[in-house]
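Please examine the sequence and the three-dimensional structure shown below. The paragraphs that follow lead through them step by step.

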Amino acid sequence: MSLTYAELERFYEDLVARARSRGVVCAITSGMACVAFGVAQSTQDCDLLCAPDSTGKLLDLLSETKLEGHPPDYRGRMTPPLDARWFRGGWTSHFAWERLGSEAYLDIFGLAPRGSSPWEAEIRGFYAGPHTVAEMKRTNRAKDWPFVTAIGARMLAAGDPRGWLHIYDETLLRAFDGAAHAPEDLLKRRPILELAKDSRLRPALHAEIQFWHELDRIRLHIYERAVRPYWTALRKSRLPSGTPLAVQHAIRVRCAENHLPVDPLRDYGVDRLMAEAREALAQMVHPSAAAWLPDVRGHFKLYSE
Amino acid sequence: RKIVWPPAVRRKLRRAIYDFHVRAFGEEMARVNFLPLKERRRYVAEMYDHAVRKGVKFD
């Protein structure tokens, strides 16, 4: 019998409460957080932000956390270890409780992808703040973007001016009229807001969304290439089913120390990432539309600070 | 620096946001998204449980 959504939600929230009671700095993000911020999305996974310095304590807790009597396993052979060294470099760890229909999946981040400010500074109950959740949703998946806009609109309606950074719907951008109302610093961060009453808004908005898509596509490519030697090494370990999580972890750490770069994005270069995204964009949009792109450097500054 | 919208503007924006939800998520989900949190969570739970019963695989 599968777990109901209410049971899953209780399981994850209880996990967060117990983690925090041990001093782990963590917060639920993505789909489950979207529900709290006014956009319904049903998901089987729990995406969790965990401060890199808390990863050791969280791993200990996961080892003790059973679902229907069973502890979790690391999920998949590409999953890096839940370890501060790799978490500071933007890697994520994945765990699963998988037993005859009772499934729960936990995806853990150390850094919020595209986060422009430390997520730890703005936690709301069990959840990361809406600004962080919206920045994390700017992926290369088209299905995520309506959620970004919905959260941004909710923020603006509640009086948080940062909502203007998250509106990616032309009609709504015109309704909120950032050119007339947005603070000066936000107009600098997102030049397209100046175009709220301008016919150039549509192509410029299209270019901006495509730019974020390209940034994410290249970022993922960097990590996927960096993980291959680790994946090859880990494949040789052939652990039997039921291996304790601590043993699974020790083997992953050993493989990672030899084969997994801690910060592939820093090695690659953020400037190079941005230049390649602009280059790819130039194949798709008119230069006049690309003139309104934001400076995205601030969204990658938290890597290996 | 919190924005304080005049009541008339607030009403206009609320309508614009609702219209966006209809465009992006459809009529039914727009209605759900404007429910109070407790009711929205209950709806999401029903939606998920129904999908699991039908054998839907999540991404």
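Of the 59 residues in chain B, 14% are buried. The model is a predicted one, and a residue is called buried here if 20 or more other C-beta atoms lie within 10 Å of its own C-beta atom. The overall dimensions of chain B may be considered alongside this value. Its radius of gyration is 16 Å, whereas a compact globule of 59 residues would have one near 10 Å. Along the principal axes, the C-alpha trace of chain B spans about 50 × 25 × 20 Å.

The secondary structure of chain B consists of 3 helices and 0 strands, and along the sequence it reads α-α-α. Helix 1 of chain B covers residues 7-25, that is, 19 residues. From its first C-alpha to its last, this helix reaches 26 Å, which is close to the 27 Å expected at 1.5 Å a residue. After helix 1 of chain B comes B:Gly26, which has a positive phi, near 95 degrees.

Which residues of helix 1 of chain B are buried? They are B:Ile17, B:Phe20 and B:His21. Seen down the axis of helix 1 of chain B, the buried residues fall within an arc of 100 degrees, and therefore they line one face of the helix. On the face turned away from the buried side, helix 1 of chain B carries the exposed residues B:Ala8, B:Arg11 and B:Arg15.

The partners of the buried residues lie in both chains. Those of helix 1 of chain B pack against helix 6 (145-157) and helix 7 (170-176) of chain A, together with helix 2 (27-33) of chain B.

The contact between the chains takes 27 residues from chain B and 26 residues from chain A. On the side of chain B that touches chain A, the elements giving two or more residues are helix 1, helix 2 and helix 3 (37-53) of chain B. The largest share of that side, 11 residues, comes from helix 3 of chain B. By class, the side of chain B that touches chain A has 19 nonpolar, 2 polar and 6 charged residues.

Strand 1 (residues 26-29) of chain A runs antiparallel to strand 2 (residues 45-50) of chain A, and 4 bridges join them. A:Thr29 stands opposite A:Asp47 in strand 2 of chain A. From strand 1 of chain A, A:Cys26 and A:Ile28 point one way and A:Ala27 and A:Thr29 the other, and all are buried.

Methods. Residues numbered from 1 in each chain as written. Chains lettered and ligands numbered in written order. Predicted model: local features only at pLDDT ≥ 70, side-chain atom pairs only at ≥ 80, totals over all residues. Expected span 1.5 Å × (residues − 1). Buried ≥ 20, exposed ≤ 12 C-beta atoms within 10 Å, placed from the backbone. Arc of directions from axis to C-beta. Contact = placed C-beta atoms within 7 Å. Nonpolar A, V, L, I, M, F, W, Y, C, P; charged D, E, K, R; others polar. Rg over C-alpha atoms; globule rule 2.2 N^0.38 Å. Pairing = 2+ DSSP bridges.
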